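Here are my comments on the model you sent.

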Amino acid sequence: MSVPRAALHALVAVGLLNLLLSFGNAWPTLWPHVQARLSIELSVVVAALALLSLRGPLRRRVVVGASALIAVGALLHYANVTVPAVFGRKLDLYWDGQHAWEVLKMGAASPTATKLVGVGVVLVLAIAALYVLIRRCVGVLAVSLQQPRVRAGVLAASLAVAGVGLLAGQLGPAVQRAFAPTVAGLVTEQTRLLHRALLAGDDERVLGASPAFEGDLGMLEGADVVIVFAEAYGAITLDQPDFAADLAASRQGLQEAITASGRQVVSTRLVSPTFGGGSWLAHSELLSGLDMRNQGDYRLLLTTRRSTLVGHFAAHGYRTVGWMPGIQRPWPEGRFYGFDRIGTADSIGYGGPDFGYWRIPDQAAMALLQEQELDRGREDAQRPRLVVFPTVSTHAPFRPLAPYLADWAALRRADVYQDAEAVAAREAPVSWEQPIPAYLAAMRYQFDWLAGWLAGYAPTDAVVIVIGDHQPIGTVTGPGADWEVPMHVITRNEVLLARLAARGFEPGLTPQAPALGPMRAMTHLLIEALSSPP
């Protein structure tokens, strides 16, 4: 092979390999996007191949090994640039990997075994095709490196790229942008996260001190407390002008329902410990008053006997209920909270058709909660309730979405959602790449059923706390969104409202920035606000 031809082959092979290790994300899709960047790791691998070729033709095992290494690097690079774009947070392989199967099922419009197997086959074929392409490129490069002049040029260029890349942090932002994020950096970060997860150590040292769960809840005077963790209800619904305009009518409808029922609402913003997913981190941070930004800390918390709001209410005579229609499998960790009852998807009594992966529409779940735990004829009626209700209808992918029903009694029957509108809703296509219209529709639905419940069914003296668990996924928020969420307290208790206003809450449903603090700061604030004056 002539020197010019060998040089051209080497240039094309290295260029293709560099594309596989330097692409970005084509937001808001899952697809890669070509970017003019250089891969430091590829330059190191190519330099190593050039040095090994000084001894003669590269052995097959060297070519195979280098191909496998680059293929793994390409897959890790894809995860490294796609997860932050889609979910708005960094990748955590240890914890995210444990939920990968559930995410795959959730992503399917109707997660049948055939569909999931089909997706798996496609993924395997795609990875195999990726390896074949890489193997071909490395093979072409190996042949080209047998030309001494080509080898010298490739070695010099590779070492130069690697050297500049390693010094890019000291050479300024412009030089840094010329290089793709390194897979080595990802592996280092994942190793650190894995070490923290597996070797958490003493909970007092890692988690810090819990807030003092003191006070008598006297301000409540025996009123029910319903905490609604509104899934994916983020500050983006307030801060993005197009979103705010789209939701204005439904938000106003909720405000009018609050006023018409004789209640008032005060609101604030909090900083969630998570973004785009991991709702349980937000739940546990508010209930425990501890920093739950790390999955390992959450797991560690569940092994302790730390105090929580659930235990605090139980100690003052409340029946505590975890109303969790999103739980579809055994949840032994739930013992940590000590709820008197945990209502799951299989135990709350829903008899209607499934709406996608999350199965039970929020309005139906609330109607069943009202009947079983909040109505006057409820079991153990003399005890007030603390209810923790994480919603699911506004969870990604935001479809299928049930229609709002004015007849709340119908929601408790097995023949609910059988009309043409409901059937069409169940068949609505899911879009992970263009999720904004579905997200906004789900948020309107959330405001509508909350308004309907407050207007006609909620216990008169109840204190209702609606709090976003996190912002929606990154394909909704766009890059660079903050981690703020709204929080509303709805009640007729004017003294409680005044106390919260004195602590930074403001009237209405549209709290202004900045956030009052992290979600864990709200735990102690609520304990104080709900207690009798000293």
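1. Contacts across the sequence. Take the contacts in the protein between residues at least 6 apart in sequence: 77% of them join residues at least 24 apart. Contact here means heavy atoms within 4.5 Å.

2. Basis. This is a predicted model, where local features need pLDDT of at least 70 and side-chain atom pairs count only at pLDDT 80 or more, while totals for chains, interfaces and linings use all residues. Residues are numbered from 1 along each chain as its sequence is written, and side-chain values use heavy atoms, with hydrogens and water left out.

3. Overall build. The protein has 22 helices and eleven strands. Both are DSSP runs, numbered from the N terminus: helices are H or I with at least four residues, strands are E with at least two. The C-alpha trace spans about 90 × 55 × 40 Å along its principal axes. Of the 534 residues, 51% are buried. Buried means under 20% relative accessible area, exposed means over 50%, and partly exposed lies in between (1.4 Å probe, protein chains only).

4. Helix α14 against helix α22. Helix α14 covers residues 279–288 and helix α22 covers residues 521–529; they pack at an angle of about 40°, with axes 6 Å apart. That makes α14 oblique to α22. Angles under 35 degrees count as roughly parallel, over 145 as roughly antiparallel, 65 to 115 as roughly perpendicular, and the rest as oblique. The axes are lines fitted to C-alpha atoms, for helices over the stretch in contact, and angles run from 0 to 180 degrees between N-to-C directions.

5. Who touches whom there? On the α14 side are E285, L286, L287 and S288; on the α22 side are M522, T523 and L526. By class, the contact of α14 with α22 has four nonpolar, two polar and one charged residues.

6. S279. This residue is found in helix α14. Is S279 buried or exposed? S279 is buried, at a relative accessible area of 9%. Its side chain makes a polar contact of 2.9 Å with that of D469. Another, of 3.1 Å, joins the side chains of S279 and H470. A polar contact is a pair of N or O atoms within 3.5 Å; within protein, one must be able to donate a hydrogen and the other to accept it, and residues adjacent in sequence count only if both atoms are side-chain atoms. Leaving aside neighbours within four places in sequence, S279 is in contact with E231, D469 and H470.

7. Helix α15. This helix, residues 295–302, is mostly covered, with seven of its eight residues buried. Among them are Y298, L300 and L301.

Note on methods. Ala, Val, Leu, Ile, Met, Phe, Trp, Tyr, Cys and Pro count as nonpolar, Asp, Glu, Lys and Arg as charged, and the others, Gly among them, as polar.
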